[in-house]
Amino acid sequence: MSVDKDTVRRIAGLARIAVPDARLEPMAAELNGIFQWVEMLGEVNVDGVPPMTSVVAQKLKWRQDVVSDGGQADALMANAPQGEDHFFIVPKVVE
Amino acid sequence: MSDLASDPIAMTLAQARDAIRAKRISSREMTDAFVRAIAAARPLNAFITEAGDKALAMADTADKRVASGQIGALEGLPLAIKDLFCTRGLRTTAASNILGDFVPPYESTVTQNLWDAGAVMLGKTNLDEFAMGSSNETSAFGPVLNPWRASDSNANLVPGGSSGGSAAAVAADLCLAATGTDTGGSIRQPAAVTGRVGLKPTYGRCSRFGIVAFASSLDQAGPMTKTVKDAAIMLKTMASVDPRDSTSVDIPVPDYEKLMEGPIKGLRVGIPKEYRIDGAPAEIEALWGKGADWLKAQGAEIVDVSLPHTKYALPTYYIVAPAEASSNLARYDGVRFGVRAEGARDITDLYERSRGQGFGAEVQRRILIGTYVLSAGYYDAYYARAQKLRTLIKRDFEQAFETCDVLLTPSTPGPAFAVGAKTADPLEMYLQDVFTVTVNLAGLPGISVPAGLTANGLPLGLQLIGKAFDEGTLLRAARAVEEAADFRHSPARWWSA
């Protein structure tokens, strides 16, 4: 399975990254090099092997479903590129 | 690394701790010496943000506590912090343009632990962008130069990566010790090629809260230090059980300094045959053999072991890590924090432009790999298979540890290389982590110890790998290698000429 220019355009769209047209071809070549290399994983028999879900054996911790923090609107807005009255401002989404 | 108050920056962390407690030197005097050394070492580009004024203020506070007898574990000791740890009120960049002038409103748990113990922050060190790299050349703030140069050349060398700034800062005596993070080798590989100690603890030992995320199932913070003892001292304070990290493991933090002491007689040291790779320099092979001899001479038993899936570790990593990164880095959208691109037509265009302009080439490449392997139709072939391989790689270690207590391997496939030498081919750069990446996939602790020099005077390290949460034994074995290697070399301070 090899990655072409259109595939790069499609995954760049999924990843929400603007990739200039001139970069699509070189990027496809780079990705193909990497995907060809990882193809070697295909030679391993993984029948019956469970996929790893946690590298250290530990149950996820439970905690009470209560508010532990909050009221930090000013701190949350402090790094916003554009905001007003505790709202983030973005281009119009709904017509 | 002498204990001379006339050159406090050359002290080890342990020596500096003693000197401050005995009031032979104040934290202010020591901090001031480091602030001046950092200013003189700007050609190395080890720091993204210097915090001299803040450091001196923290030092004064520490001196007051020393005077009143309230002395924390790291009271008054100046440290450098990788710029991946969020520091409240101090710009944190992850060496990326996309974070812009991000000033965190919170503190990472690891750094909070350090400040609570009285440590002083000198500044934030350079790194590969989002810790994605093995040479510190993907940083938006420019490459870091290795303080070491070959005896036969004045060429600038890379300090390894991704914790290249921290490694350079420790090797050039710009701090007593530094923090790093290690996702595929980012603490151990730079430590090895700068002739210092780097420890990646067991996954879950140090909290990930407040550390800019790369690959959450692999990321782990750890110390970069001048000696194994210093690594033990740092880990004791960095490690904690943290309710704010759901993968922080509920095991009390032991006294590593104590566990590190003692003979290694009877310790079983495994030598994994798969780490003998074609084309590895003879010097690496020879040093590895020497390391085994050193341990044997101190009473350890050398055991041949096999980790059959070793060669699949790097390709597995380059599916798992980019997959997690593509998800983690979705948060950089130009809306809530970081840089927003100008001139967007609509919200999607805003996202695409901000991310296209804000992320560097390597980060974009990894996000695209990750997006691809998680996309419909490819998930099973790539991601699910890689997670199964990860199970097999971890099993390899479990089986090896039935017959040994620690493993001994080389840290890197070679010494530091020239700036620009490996940037053309991503795969060649990825191979730098061939000996370190297995440890992250299996969640185990690993440490690189400086063990020798190449014929042209560049440092090489040996790696020890331990059982999960057995950092005590790991440090004890590392100390034995350190003592036998007796590595006393430091780079010439060419940068402040």
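Predicted model: local features only at pLDDT ≥ 70, side-chain atom pairs only at ≥ 80, totals over all residues.
Residues are numbered from 1 along each chain as its sequence is written, while chains are lettered from A in the order in which they are written.

Visitor: Which radius of gyration does chain B have, and what does the globule rule give for 497 residues?
Guide: Chain B has 16 helices and 11 strands, where helices (H or I, at least four residues) and strands (E, at least two) are DSSP runs numbered from the N terminus. The radius of gyration is taken over C-alpha atoms, and the globule rule is 2.2 Å times the number of residues to the power 0.38. Chain B is as compact as a globular protein of its length, because the rule gives 23 Å for 497 residues and the radius of gyration is close to that, at 21 Å.

Visitor: What percentage of the residues of chain B count as buried?
Guide: A residue is buried if 20 or more other C-beta atoms, placed from the backbone, lie within 10 Å of its own, exposed if 12 or fewer, and partly exposed in between. Applied to the 497 residues of chain B, this criterion gives a buried share of 61%.

Visitor: Why is strand β10 of chain B described as largely enclosed by the rest of the structure?
Guide: Strand β10(B) covers residues 446-453, and it pairs in the antiparallel sense with strand β11 (residues 459-466) of chain B over seven bridges, pairing being assigned if DSSP finds at least two bridges between two strands. Three bridges also join β10(B) to strand β5 (residues 197-200) of chain B, again antiparallel. Strand β10(B) is largely enclosed because, of its eight residues, the number buried is seven.

Visitor: Which residue of β11(B) stands opposite S448(B)?
Guide: S448(B) lies in β10(B), where G198(B) stands opposite it. In β11(B), the residue opposite S448(B) is Q463(B).

Visitor: Which helix gives the most to the side of chain A that touches chain B?
Guide: Counting two residues as in contact if their C-beta atoms, placed from the backbone, lie within 7 Å, the contact takes 38 residues from chain A and 54 residues from chain B. On the side of chain A, α1 (5-14) and α2 (21-38) each supply at least two residues. The helix that gives the most, with seven residues, is α2(A).
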